[in-house]
Every structure is written in C-alpha cells, then in structure tokens.
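I opened the model today to look up a few things, and these are my notes in the order in which I made them.

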Amino acid sequence: MDNIGQLLVEQATRAPERTAVIVPAARDRVGNYLYRRWTFQQLEQETRLLAQGLLNNGVPLQSRLVLFVPFSWEFITLTYALLRAGMTAVLVDPGMGKANIIVCLRQVRPRGFVAVSKAQAIRVLKRKLFPEAMHNVTVGRRWFWGGATYRTLLQAGASLARGEQLDSSRFDDRAAIIFTSGSTGPPKGVVYEHGMFVKQVELIQRQYAIEPGEVDLPGFPLFGLFNAAMGVTTVIPDMDPTRPADVDPQRILTQIRDQQVTQAFGSPAFWNRIGRHCEQHKITLPTIKRALSAGGPVPIHVLERMSGALTHPNAELHTPYGATESLPVTTIGSREVLDATAPLTRAGRGTCVGRLFDDIEVKIIQMTDGPIENLSQARVLPTGEVGEIIVSGPSVTREYFQHPDANRVGKIVDDVSASTNESSHPKHWHRIGDVGYFDDIGRLWFCGRKAHVVHASGGPMFSVCCEAIFNEHSQVYRSALIAIGDKAPFEPAIVIEPEPGCFPATFVDERKFADELLALGSQAPQTACIRRVFFHPSFPVDTRHNVKINREALREWARGTMGSEAVQTSNRIP
C-alpha cells in the first residue's frame, strides 16, 4: 500500500455503512449532546469530490497548501482530499503563536490556504508575505478575497474530471509538512512521505490490536486521521485540542458514555484532568479497552488514577514514545509501569518508555552537539549507559523542509546498511534530541532532553532523573532542573510548581518547604549537590500537549529572580 488515501478507500469498500465520524453538533433543552454522523462511504465520497475539485480548479500537483481548519468533519475530509489529490498538506499548530506561525508559513512558501474565514482574512492582510498563495479555499463564509469555498470545491469535483487519477501518489512522494511544537527551539517543518503515514498506521494498529469498528475519541487531530485508515470511528471531542490541560472532564466523559468509546488518546495533561475528576467522583470508564498518551512523560500519579478508572478487562493506559519526526518508537502499558518500573523512576533512574515497535531500531550513542555525517562516526554505548537516542525505521522522517542546518545536525546517514524494500533512499537515523539508555531486558529509558542536561562540576545531571526525586514530595505538582551560571560547569537548581493550594504563603512557609525538598534531594546521589530551590506558580509549557516544560524560560525567570534582592530573599534558598 503506497498511499494512505488507498486505505480509506479500502475501509469504505469493506464496510460502507459503518460510522466513520461523529461530531457533537448541539445540545438539547436539557443539555444532552445532539450528534451528526457520517459513514465511511460518505467520508470516501466527500474526500474524493474535494480532491477532484482541487484538480479541476487547476491546483498543480504537489502544491503546498496550508490547512488551517479546527478538528472537525471538514478537517478530516480536507486532509484526506489533499493527500488523495497529490498535494502537500502543511499542518501548523495554531497554539504556537502568531509570530511563529508567520515564520513557519513564510518558510514553506505555500501555493494556497485551505482555511477558515479568520485565517483567510489574516492571509489577505499579510498577502505580501505569501505572494505564491493563489489557490485558496475558504471553509465557512467567504468575504471579499475570492477563491473557492468548501461547497464550490465539492461542486467542481462533481464536474467533468481533468483526468488525473486520485490516490496515485507513491511511497516516496511528499505527503505533508508538519511543524514541530517549538518547545525546545524554533518550530521546524518535518517532511512526511506517503509511505511513512501508511507505516505509522500499520505499526500502531498491529501493536495495540486495534480492530475495525472500534470507537476512538482522539484528543489530538492526527490520531483522528489514522482512525479513518484503520476502519475506526472517530468521535470529535468537545474541547480545544490546543489546550488539553484545560479540558472539561464532564464533557469528555459524557461523550465517552454516549458513544460507547473503546479507545481514547490524550496528552498527559489531558489524562491528568480526566483522572483527577474520575477519582474525585468515583467514575469508571468500562467501555475503554485502551487509553493512549504521548507528548511527554506521563506522571506515575496519572497512571495510578487512570488504572482505577479503566475497568474493562485488560484495559490500561499505554504511553507510546516518539517525536514529530519519528512516531512511534517504543511503548509501555501502565500495568508494567506500576508493577515493575515506577519504583526505579521514583529513585531517579528515568522514565521507562518500553520496548520497540516492530521494524523500529534504536541506538544509544555518546552525546555530542555537532553534526554526525555517518553512523560510523558515532560511538554506540553499551547497555545501561546514558547517551543520545537515535532512531531508524520506515516511519522515521528523513528531512526538515528547507532547513539544511537542522538536517545536518538532526540526521545521520547509514551508508553501510541496505535500503528498505519500499524506498531507494539510503538508511538514515534521526537524532531525537533525547537522552536515555537500554536496560538489560531491552527496555528503553528516557532521562530527558539533551538540551536540558545540566553539566555540573560532578558530571552531567539529567532532568527527568533529578526531577523525579523532588516530585515525590506530596505538595509538589512538578519540578524542573535548571542550570545557574553562564558557562560550564553550571550550578544545578530545582524549580518547583506546588500542587494547587500548596504554594507557600510566607517566607517561613517557603523556607520550611524548601528545607524539606533539600533534605529529600540529599538522600539521592543524583540530586545531593542541589542547593537552590525556586518556587513558581505555573510552569510555562508547550502549546501542543501542555506538558513539555519550557526550562529555558524558567532559567531566565530564575536569573531575573536572583537579580532582585527583595525577591531573592523569598525565592532563593541558600
């Protein structure tokens, strides 16, 4: 199978009347959801008409078209239409902020925008930044800017075809450019080929034994696209997917109950909200066969709460590990974490992210900041030794769009190894930007981002390992390891975000809290050298999953705190 669009056609042929998408459309007088439903046959037909409409309107093949549509029926149909028509879908997270979005889109030089009215209005106001954007489609009300609409695109697709064959893109053809969240640097456009999407679907479906006919509520839009290729019904969640930490648990739980949802995906911040609500109100989720969470390490307390809520036989919360450039890599279930690896995590050994997916390879190499042109230049580390994680496989992306510096630093060619059967490209490795190690039974452990390693006088200190020690305090919600100083060796410090209601109100409270934390840290070799504690009311986090801590911003905040004598005495613990 070369094209994910072919997978959709296959599902529509096998089960045309099966429900493909369910959207909460309104509420009745007593507050119950009223839903709209579409079958796989309707989904396939609408995407086919939209794709043919793009071609009939003269949009050249492989055009880069920006998709700016909220997670909805139209988001799913238009994404598949772009892929089936042989276009390159450009997906930008709206939560990354206007300035970053403009930079990303200027870099892509789009041939057009497929977007809601508000985004089209901004495009018109910024038209000088996008001189090549001549093929535009408005979803919703079109004002003065012209171009096609969703409806006219459907009509154009129903007219006489120009002759191009849909779903004709091959394994190596470019399918999409998906931007990273920018949580550890400027967002970069990741180039996805059609075959990579197909492999992602195959790996995920096989690993988790996902069956056609299941019902999924995905808190992240990309997983809604995978569902259609797997024959799984997608329930669009009533939430803002760019703010999972603010999700309303009652809305999500109502949808799960209404639609008998069997699977749900969300970031750790999403499941933290759901798990706390379930625990507080003694709610269980008997229809959920599997829950999935990604985007950052899932705290042990979240796994514990969700284990109490997931009562379906053999149900657990799975935590696949990967990145925008390489997904999936490994996976582990909450049962194994709580039974076997959680005590080691609490002791500062890192977060176990499990065993490799089929067809995925991972190596641990010695940390280095410079480019590695060939794998032979890297030193592979033995089992148990912490180093940089690199990954290879058929779903791993090969390049960033128009970003040669990032390609030099982030990719490694393996000329010695044979090419894959589907691709003529030499084997390549992606430097995922994380550090970790393999244990003696083949499980991968995550120790934090390479950029967040604090090179102290006693040696490197790894963020996830050190933070786990302080997270054991009952009043700590989360913590962040930061470096103090301008050059190595740095002084390590810990920043604490207390649990709600636990922020110290007075200097005496703060000093007592800090003394308890330092005493806790002194008992572990990883953190015994930490002498500074800062308290922060709410950590800055990434916009995509609301879970990746912006330690660079915290470091600057701490620097400013130390510069103010009045604040220094209340926040700095000597």
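**Entry 1: salt bridges**

I began with R346 and E472, whose side chains meet in a salt bridge at 3.3 Å, N to O; a salt bridge here is a side-chain nitrogen of Lys or Arg within 4 Å of a carboxyl oxygen of Asp or Glu. The pair links distant parts of the chain, since R346 sits in helix α12 (residues 334-346) and E472 in the loop between α14 (463-471) and β25 (476-484), 126 residues apart. For the helix and strand names I noted that helices (H or I, at least four residues) and strands (E, at least two) are DSSP runs, numbered from the N terminus.

Before going further I wrote down that this is a predicted model, in which local features need pLDDT of at least 70 and side-chain atom pairs count only at pLDDT 80 or more, while totals for chains, interfaces and linings use all residues. Residues are numbered from 1 along each chain as its sequence is written, and side-chain values use heavy atoms, with hydrogens and water left out.

I then looked up how open the two partners are, taking buried as under 20% relative accessible area, exposed as over 50%, and partly exposed as in between (1.4 Å probe, protein chains only). R346 has 30% relative accessibility and therefore counts as partly exposed, and E472, at 41%, counts as partly exposed too.

Next I checked R511, which forms a salt bridge with D515, the closest N and O atoms being 3.7 Å apart. Both residues lie in helix α15, 4 residues apart, which is about one turn of the helix. R511 is partly exposed with a relative accessible area of 33%, and D515 is partly exposed with 40%. I also noted a network in which E44, R48, R84 and D167 are joined by salt bridges that share partners. By the rule I used, the count comes to 35 salt bridges.

**Entry 2: E499**

Where is E499 placed? I found E499 in the loop between β26 and α15, and with a relative accessible area of 15% this residue is buried. Its side chain makes a salt bridge with that of R276 (3.4 Å, N to O), a pair that links distant parts of the chain, because R276 is in helix α10 and the two are 223 residues apart. R276, at 25% relative accessibility, counts as partly exposed. Taking contact as heavy atoms within 4.5 Å, I listed what E499 touches, not counting residues up to four places away in sequence: R276, S474, Q475, V476 and Y477.

**Entry 3: helix α9**

Which residues of α9 (residues 249-259) are buried? I found P249, I252, L253, Q255, I256 and Q259. They cover an arc of only 160° around the axis, which puts them on the same side of α9; the arc is that of the directions from the helix axis to the C-beta atoms. On the other side, Q250 and R257 are exposed. What covers the buried residues includes β1 (19-27), β2 (33-39), β10 (215-218), β11 (233-235) and α10 (268-281).

I also looked at the two ends of α9. At its start, a side-chain oxygen of D248 reaches to within 3.0 Å of the backbone nitrogen of Q250, and just after the helix, Q260 takes a positive phi of about 50°.

I followed an open sheet of 7 strands, with mixed pairing and the order β2-β1-β11-β10-β12-β13-β14; two strands pair if DSSP finds at least two bridges between them. At the edges stand β2 and β14 (316-318), each with a single partner strand, so one side of each is left without a neighbour in the sheet. Strand β13 (residues 290-293) runs parallel to β14 and is joined to β14 by 3 bridges, and R290 stands opposite E316 in β14.

Last, I looked up G333, which lies in the loop between β16 (326-331) and α12 and is buried, with a relative accessible area of 10%. Leaving aside neighbours within four places in sequence, G333 is in contact with E316, L317 and H318. I also noted that the C-alpha atoms of G333 and I496, 163 residues apart along the chain, are separated by 28 Å.

Key. A polar contact is a pair of N or O atoms within 3.5 Å; within protein, one must be able to donate a hydrogen and the other to accept it, and residues adjacent in sequence count only if both atoms are side-chain atoms.
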